[in-house]
Amino acid sequence: MGLSQAYGRSVRVQDVEIHVEDRGRGDPLVLLHGYPGTGADWAEVFDLEGLSQRYRVIAPDARGHGGSTNPSGDFSLRQCAIDLLELLDRLHVERFRAIGMSLGAKTLLHVATRAPERVSSMVLVSATPYFPREAREAMRAAAATVHTPEEWQLMRSRHRHGDAQIEALWRLAGRFAESYEDMSFTPPHLATIRARTLVVNGDRDPLYPVELSVQLYRAIPEASLWIVPGAGHGPIFGDAREPFVRTALAFLDHEDTGIASRT
């Protein structure tokens with residue numbers, strides 16, 4: 001079951017209005033989407049109605065995505081982490097579990113190093129400590145793409161603030177490609193993370209080679225590693241959905257997942 005407007009609202013965070021879906025009354029579970037998606041994407045992964053029987057499910061749209069605004073045009077993963085922590089303050093959430101996919105996973109790296117005491121456990125899907133050459137080349141190509149009417153229609157159905165918002169989102173790929181400070185996590189920095197962490201990556205990911213997931217696994221003190229055979233970027237949708245849901249929730253619930261760990 002998908003996210004419902006009955007659970008959505010906008011919360012003022014610094015200079016932006018963050019749209020967030022907030023449902024359930026259990027321990028908080030934060031779901032952070034990938035680029036250029038929205039919090040509603042998680043309905044393609046989880047039965048959110050069922051999940052909200054176990055957790056308080058909080059799924060925001062990152063600034064400039066979906067229903068969230070970004071009037072200044074400023075965007076960084078570091079800023080997304082600051083936004084998230086202030087949003088959670090407004091929602092009276094102190095400590096939480098989290099799952100992040102790609103952009104969301106990189107945001108979580110910033111959150112877990114900036115405020116390590118607040119994240120109890122997290123699942124990082126298609127994360128990276130830095131942008132490698134493969135990713136930068138793909139980002140530059142994406143920024144130069146001329147989009148089809150069908151792609152425009154799809155984006156208009158997901159993002160609520162008009163074509164200028166969509167154009168800004170597509171330009172972000174080029175900005176990521178030229179950024180060398182926002183994503184620059186060293187092993188000593190990653191070693192400050194206190195959260196139990198599951199690192200998930202497809203072994204055919206064209207953006208982030210497996211070696212980068214291994215770097216995260218070795219640097220984060222209480223980490224586990226799951227390399228998904230035959231999978232590309234974001235191995236949580238389609239046929240990968242069921243094993244991901246089962247493994248991620250077992251990890252967050254402290255069950256034995258049978259994956260490699262170093263604790």
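Student: Which residues lie nearest the centre of the largest cavity?
Tutor: This is a predicted model. In it, 14 residues line the largest cavity. Those nearest its centre are L32, P60, D61, A62 and C80.

Student: Which element gives the largest share of that cavity's lining?
Tutor: Two elements give two or more residues to the lining of the largest cavity: α2 (77-90) and α3. The largest share is four residues. That share comes from α2.

Student: How many nonpolar residues are in the lining of the largest cavity?
Tutor: Sort the lining by class. Three residues are polar and three are charged. The nonpolar ones number eight.

Student: How much space lies in the largest cavity?
Tutor: The structure holds one cavity of 30 Å³ or more. The space in the largest cavity is about 140 Å³.

Student: Now the largest pocket. How much space lies in it, and which residues are closest to its centre?
Tutor: The largest pocket has about 640 Å³ of space. Its lining counts 29 residues. Closest to the centre are G34, Y35, P36, S102 and H233.

Student: Which element supplies the largest share of the lining of the largest pocket?
Tutor: At least two lining residues each come from α3 (103-114), α4 (133-143), α5 (149-158) and α6 (162-177). The largest share is four residues. Its source is α5.

Student: How many charged residues does the lining of the largest pocket have?
Tutor: Go class by class. There are 18 nonpolar residues and six polar ones. The charged residues come to five.

Student: Is the peptide bond from Y35 to P36 cis or trans?
Tutor: Both Y35 and P36 are among the residues closest to the centre of the largest pocket. P36 sits in the loop between β3 (27-32) and α1 (48-51). Most peptide bonds are trans. Here omega is near -5°, and the bond from Y35 to P36 is cis.

Student: What is the phi of S102, and is S102 buried or exposed?
Tutor: S102 is found in the loop between β5 (96-101) and α3. Most residues other than glycine have a negative phi. S102 has a positive phi, near 55°. Its relative accessibility is 9%, under the 20% cut-off, so S102 is buried.

Student: And S126: where does it lie, and what is its relative accessible area?
Tutor: S126 is in the loop between β6 (119-125) and α4. It is not a glycine, yet its phi is positive, about 55°. S126 is buried, and its relative accessible area is 0%.

Student: Why does I58 count as buried?
Tutor: I58 is part of strand β4 (residues 55-60). Beyond its neighbours within four places in sequence, I58 has contacts that include V20, L29, L31, L88 and V93. I58 counts as buried because its relative accessibility is 0%.

Student: How far apart in space are I58 and G8?
Tutor: In sequence, I58 and G8 are 50 residues apart. From C-alpha to C-alpha, the distance is 9.8 Å.

Student: What radius of gyration does the protein chain have?
Tutor: The chain has nine helices and nine strands. Its C-alpha trace spans about 45 × 40 × 35 Å along the principal axes. For 263 residues, a compact globule would have a radius near 18 Å. The chain agrees with that, at 17 Å.

Student: What percentage of the residues in the protein chain is buried?
Tutor: The accessible surface comes to about 11500 Å², and 50% of that belongs to carbon and sulfur atoms. Of the 263 residues, the buried ones make up 54%.

Methods
Residues are numbered from 1 along each chain as its sequence is written. This is a predicted model: local features need pLDDT of at least 70, side-chain atom pairs count only at pLDDT 80 or more; totals for chains, interfaces and linings use all residues. Side-chain values use heavy atoms; hydrogens and water are left out. On a 1 Å grid over the protein atoms alone, a cavity is a set of points where a 1.4 Å probe fits but cannot get out, and a pocket is an open set with protein on both sides within 12 Å along at least five of seven lines; lining residues have an atom within 4 Å of a point. Grid points are joined across faces, edges and corners, and a volume is the space filled by probe spheres set on the points. Ala, Val, Leu, Ile, Met, Phe, Trp, Tyr, Cys and Pro count as nonpolar, Asp, Glu, Lys and Arg as charged, and the others, Gly among them, as polar. Buried means under 20% relative accessible area, exposed over 50%, partly exposed in between (1.4 Å probe, protein chains only). Contact means heavy atoms within 4.5 Å. The radius of gyration is taken over C-alpha atoms; the globule rule is 2.2 Å times the number of residues to the power 0.38. Accessible areas come from the Shrake-Rupley method with a 1.4 Å probe; for residues, only the protein chains shown count as cover.
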